[in-house]
Amino acid sequence: MVLLIWGLCSATQAPAKDLSLSQHEIAWLAQHPQVSVAFDGNFPPYSFRNDDGELEGFAVDVFRLLEERIGISLNVYPEQDWESLYNAAKNASTSEAEDNFAGNAPPDIIATMVKRDDRHAWFEFTAPYIFKSLVIINRREDRSIRQRHDIAGKTLALVKDYQYVDAVLSEFPTVQPLYVDTMLDALNAVSVGDADAAISFLGAGHYYRNKYLLTNLKYAAVYDKQSANERIAIRNNAPELAAIVRKALRAIPEGELQALRAKWLPVDYMETLVEINLSAAERAWIKQHRNIRLGIDPEFAPFEFMSNGQYQGMASDYIKLLNQRLNLNMQVVPDISWEEATQRAREGSIDVLPAVGLTAERQQFLHYTEPYLQFHRVIVTRTDASFIARLEDIDRRPIAVQSHSSHHGFLMEHSQVPLKIFPSQQEALLAVSGGQVDAFVGNVASVTYWIRKLNLTNLKIAAPVSSDVQSLHFAVRKDWPELRSILQKGLNSISPRQQKLISEKWLSVDYDPVVDYRLLWQLAIAFSLLVVAVFIWNMMLNRQVRLRTSQLDYTANYDRLSGLPNRVLIMDRLKQALSDAKRNRSKLALLSIDINDFKKVNEGFDHKTGDQLIQALSQRLKDTLRDSDSIGHLGADHFLVIQNQFSQAADAALLAEKLLSVFEESYVINGNDINVSAGAGIAIYPDDSNNLEELLKHASAATYHAKNRLQESYAFYTKNLMLNVSRGIELDRHMRNALARQEFVVFYQPKVDAQSRKIVSFEALLRWFNPDLGLVSPAEFIPIAEKNGIIESLGYFVIEQALSQLSQWQQRFDPELSMAVNLSPVQFLGHDLVPQIESALLKNSLSGRSVEFEITEGVLLADARGGYSQAEHPSVEQQLNQLASLGISLSMDDFGTGYSSMSYLRKYKFDLLKIDGEFIHDLVNDESDQKLVSATIAMAHGLGMKVVAERIETEPQRAWLASARCDYLQGWLFSKAASAEDITQLLVEEFLSSAELTEG
């Protein structure tokens, strides 16, 4: 067996001085210039073979750093199967192995191993350097798992023999295990719906998810924050080597390790997926009090403030994290001042003050968390004021302070200086600048922000009020102590890095350079009053011109509603980004995002609510992006995102997921809980095109596909997709006047009695014959009709035609004949549906029992898709009850193909159940299908329902179903869907034959 030389160090070099090796250890290194290290080749992203067969991963990179620091050559042990290398390393811990150190020696080091008591017989261990978290992964649309205890009763994909499997099943005995061979198999099982979730190490799950583009999966919750951390294992008969490796590992700067973690591990997810140990009582409390009312200071920048109707500042970023992690919906109560907010908090109509100082007076009606923002309280004066070192130096001159602030309370409790109260910091600072008061007391961060923002260059920070650090807390109403505890646990989960990013974001705001008014004033004194007046007039005029120019420039380049770049500016940025990508030979992704059915928000509420929703969405979308990316608002429901500096398609997919997750959140606007969804299309430069217009066209085509075919997801552009989209656009164009041109016609397919084979009913099926397109499949045109709004006209056309034809057949052949009509989800939501049906029944002298409506799961899910008000659209239950009141029969269509069919049978009253043809095709030969169909028929009969089986094509199928007591059959064995004329002829033949038999 030949060892592979790593090749980083061309020659042995001296160990780094910061290792502090003993003379004995240095001598050992001189005798052993090469060391053998074994890597598990199937342990991504820590150590694994890439597609080119090269060894890479986090542990591999760490050993490159160790090699440099120790000054030896590391030989990579060629065997990378875990069991083989582990047994070889155990053999190395014998005295004979020491003699055979070079050549084909077994490994001296295993790069990654979990420390266990039974392994100390062969190995010494370093401190852990790989920290693994077990996470729960489920499908993106599944929101039923938010915390680890939510897996109870779920089907989990578990890898056989993984060390955590027994612990999971022991803690959650109601879990249904689905055993698989590999972690990739587990993720695939979740992706296709065979399992509800999988438990995976975060690093490995992230690697497989990106490599195999399992983009419909998400990290739902943490299962175990620290699980089986990995260490370096060294054969125990080389204590010198163990000591050297420990020293070298400790000598690697934390910054270098963090850089490697950022390279190989999902650092953002590691910080986002936190385990917050809420008690059962706290979780129950959240379920009952999810909506929390926030009272804020709208002018307390940079900690919290309102800008363009949006809550911003450091506290707002903490609120976003806490809402996400605690499943809360903390929302600002709009249009109230800070004084009103504190008063309402006292009264109990405000639940939380998110950025408030602690005072004795407030403690009477508020509970406080531990401080999460800290600052120094300072004195602000004009630059020409006399020297001030402490508060006492002001000598009873009036001090400005903001009303109801912690500084106000502090000065009331700790000083005797006269106070002049102002409603806002801005007004107070302007008063100091203008000479109305001598000083202002506030916190250093907020003061600095507003001095720069207001260009108050004649102000300075004169001195600290005291040496104490001041703090801001979350303050909770006194009768909700549970919420204080919950918020504290949430705040404790926010990492120091995230805290630092939030602080840097709001304390590094840049402003344009400003004129030094002091200098201008000193110069002006030397001139006459006329020159001064002219100078001031010119200055004001220039300032107005600059302001107006800035306003015009902003209006020309930014959307007034969302505050995002408009079409003009985003196209200019796209042109520049394409130029940079071409010059740098890099990739660029263009993401086109459309909100689904946004008009329902405007129709169901009002346009003001729609505008506020767009503003909230725009801000959250902007916050999701990196500084290097750009977003533009092209229209009411259309956004465009430019993603720069990425390496692979998975990066664009990950960004699309993050952006679409913004739409999955619930938005409370004017007291209304609004849910929307969106679709996104992705086109990549230069893979899809190097032309701006073509990239836009391709991204739009992918968006169209995502919205119309994938539902609430995203799609990458492909050439075939473009053909499909072009086909969809062509169908939409031809469909517009097709009804008026009489291109639509209703066909009918008979249903027969399973025992007698006599025709008892029909299903009305819409067909479209276009002169240019030919016969168009309903599978193609129905989804498009639902999107463009034509479906309601088509649905009413089918109802009128079908009931008119039924009336004729009843009069001529049999008054007991009935008609089944399908209802689409869009048609089902209309207020006019029931009146239209009632009118058609009266017009054709039909009773309700002659009509049957087939309802799919898509119809029953209509309520859950949200985005509109119940006042504008009736609920599913209301519609079903009204149809039942007319005597109309209701049929559950396509039974067995949906996720919730059984629950709907329990919730709603159905008269018939229609077994989907998928279970009929192999019925005669497939024992599983036979059991399922038999059970379904028995269950339906037990619930008082008749059963219809569709797609009957052979006599054996008919005979089996008849023997199983199925009530009605439908399929090509009896008749294909045919025109009214052909069905009339079929009825003539059947009833003529019946009459002859009767006479005979």
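A cavity, in the sense used on this tour, is a set of grid points where a 1.4 Å probe fits but cannot get out. The model in your viewer is predicted, and a search of the whole structure finds 6 cavities of 30 Å³ or more.

Begin with the largest cavity, whose volume is about 110 Å³. Select Phe-300, Trp-338, Ala-355, Ser-405 and Ser-406, which are the closest to its centre of the 16 residues that line it. Then colour β20 (352–356) and α14 (406–414), the elements that give two or more residues to this lining. By class, the lining of the largest cavity has 6 nonpolar, 8 polar and 2 charged residues.

Next, select helix α2 (residues 58–70) together with helix α8 (residues 239–251), which pack at an angle of about 110° with their axes 9 Å apart. Because of that angle, α2 counts as roughly perpendicular to α8.

Finally, move to the open sheet of 5 strands, which has the order β28-β29-β27-β32-β33 and mixed pairing. Its edge strands, β28 (630–635) and β33 (714–716), each pair on one side only. Strand β32 (residues 678–685) pairs with β33 in the parallel sense over 3 bridges, and Tyr-714 in β33 is the bridge partner of Ala-680.

Notes. Residues are numbered from 1 along each chain as its sequence is written. This is a predicted model: local features need pLDDT of at least 70, side-chain atom pairs count only at pLDDT 80 or more; totals for chains, interfaces and linings use all residues. Side-chain values use heavy atoms; hydrogens and water are left out. Axes are lines fitted to C-alpha atoms, for helices over the stretch in contact, and angles run from 0 to 180 degrees between N-to-C directions. Helices (H or I, at least four residues) and strands (E, at least two) are DSSP runs, numbered from the N terminus. Angles under 35 degrees count as roughly parallel, over 145 as roughly antiparallel, 65 to 115 as roughly perpendicular and the rest as oblique. On a 1 Å grid over the protein atoms alone, a cavity is a set of points where a 1.4 Å probe fits but cannot get out, and a pocket is an open set with protein on both sides within 12 Å along at least five of seven lines; lining residues have an atom within 4 Å of a point. Grid points are joined across faces, edges and corners, and a volume is the space filled by probe spheres set on the points. Ala, Val, Leu, Ile, Met, Phe, Trp, Tyr, Cys and Pro count as nonpolar, Asp, Glu, Lys and Arg as charged, and the others, Gly among them, as polar. Two strands pair if DSSP finds at least two bridges between them.
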